[in-house]
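Student: Can we go through the side-chain contacts in this one? Please start with charges and rings.

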Amino acid sequence: MGDKLKVGILGGTGMVGQRFIALLENHPWFEVTAIAASPRSAGKTYEEAVGGRWKMDTSMPESVKKLVVMNVNEVEKVAAGVDFVFSAVDMTKEEIKKIEEDYARTETPVVSNNSAHRWTPDVPMMVPEINPQHARVIEAQRKRLGTTRGFVAVKPNCSIQSYAPVLTAWKEFEPYEVVATTYQAISGAGKTFMDWPEMEGNIIPFIGGEEEKSEKEPLRLWGEIVEGEIVPAASPVITCQCIRVPVLNGHTAAVFVKFRKKPTKEQLIQKLISFSGEPQKLELPSAPRQFIRYMEEDNRPQVALDVDYENGMGISIGRLREDTVYDFKFVGLSHNTVRGAAGGAILCAELLKAQGYIARKE
């Protein structure tokens with residue numbers, strides 16, 4: 001294993017847990033050495049526990065097949081063998097908050113895909129290109145938890161990845177009102193078409209809790225740290241509708257924006273293609289070289305053609321044009337289980353390692 005950090009996956013048998021394991025195969029910094037799941041999976045090899053439920057396009061990595069799945073509730077036992085963990089557990093919100101803090105108190109950093117801690121004031125919720133500075137709030141969190149190296153960090157909801165980075169790139173033009181409709185893939189619900197055949201040829205105009213997350217979480221990304229807590233930004237005002245569509249992977253957003261300082265289309269495109277952040281500067285292993293690309297074709301981006309751009313870690317934007325009611329409108333596309341879930345969390349962990357927050361246990 002060399003100098004790689006030892007990683008545990010909490011909730012490793014579910015769809016996002018599987019995505020973590022697939023993406024971490026041959027990772028240059030991290031190696032999966034522990035997988036934890038519910039008591040019913042504990043004691044089985046990972047191959048036995050998952051059985052025929054492996055949902056990734058790639059094969060299950062040989063390196064994890066014979067790992068014996070641990071009981072996620074045996075916190076001290078799981079934490080003893082790893083440097084940090086990724087969390088994708090399927091529990092109630094209160095159970096998730098407790099178990100993630102329990103792991104943190106064993107001096108094991110937790111990088112979570114779950115929503116439970118996204119509004120805990122001293123927990124950073126990060127898109128590494130947007131708000132890497134929010135990691136500084138970890139010091140306040142450690143004081144609250146009584147830890148020296150343990151903490152919880154989270155990534156935001158998958159649905160905002162296709163438009164929040166765009167609005168960040170356009171910040172100097174002061175967007176103040178945004179209308180977004182997201183067309184969300186079924187893998188966002190942890191499903192495939194085999195699990196959810198009624199989604200074929202169907203649209204469901206409701207995804208529980210998704211609209212509030214899509215409207216509020218970008219404001220937390222743009223917030224500031226005040227006295228050890230993240231205070232969300234007040235603007236822009238975002239209103240959102242979220243629709244489930246018969247697509248396996250890829251969340252598309254149709255977005256309308258009003259600006260206080262009126263830009264030209266050319267200025268907006270230039271801001272998109274020149275936008276980059278700490279992951280690009282630091283050349284983190286999972287970072288896309290071109291975070292946001294602009295596509296000139298009228299019929300792009302398309303899920304079938306563009307969802308895997310930059311290995312699923314980049315964002316594709318198209319159909320930028322002036323609007324008759326708002327100033328501009330555009331269409332965005334992001335991979336919901338890569339950039340929007342496991343891949344985004346892995347990039348967060350890479351950033352936190354580069355910043356010195358995640359290190360080998362002594």
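Tutor: The charged end of lysine 258 sits over the ring of tyrosine 326, 4.8 Å from the ring centre. Sitting over a ring requires NZ of Lys or CZ of Arg within 6 Å of the ring centre and within 35 degrees of the ring normal. This is a predicted model: local features need pLDDT of at least 70, side-chain atom pairs count only at pLDDT 80 or more, and totals for chains, interfaces and linings use all residues. Residues are numbered from 1 along each chain as its sequence is written, and side-chain values use heavy atoms, with hydrogens and water left out.

Student: What lies over the face of tyrosine 309?

Tutor: Arginine 293, at 4.0 Å from the ring centre.

Student: How many aromatic pairs does the structure hold?

Tutor: Twelve. Rings of Phe, Tyr and Trp (its six-membered ring) pair if their centres lie within 6.5 Å; planes under 30 degrees apart count as stacked, over 60 as edge-to-face and the rest as tilted. Phenylalanine 30 and phenylalanine 84 form an edge-to-face pair, 5.0 Å centre to centre with 70° between the planes.

Student: Where in the chain are phenylalanine 30 and phenylalanine 84?

Tutor: Phenylalanine 30 is in strand 2 (residues 30-37) and phenylalanine 84 in strand 4 (residues 84-87), 54 residues apart. Strands here are DSSP runs (E, at least two residues), numbered from the N terminus.

Student: Is phenylalanine 84 buried or exposed?

Tutor: Buried, at a relative accessible area of 0%. Buried means under 20%, exposed over 50%, partly exposed in between (1.4 Å probe, protein chains only).

Student: New topic: how many disulfides?

Tutor: Zero, in a search of the whole structure. A disulfide is a pair of cysteine sulfur atoms within 2.5 Å.

Technical notes. Helices (H or I, at least four residues) and strands (E, at least two) are DSSP runs, numbered from the N terminus.
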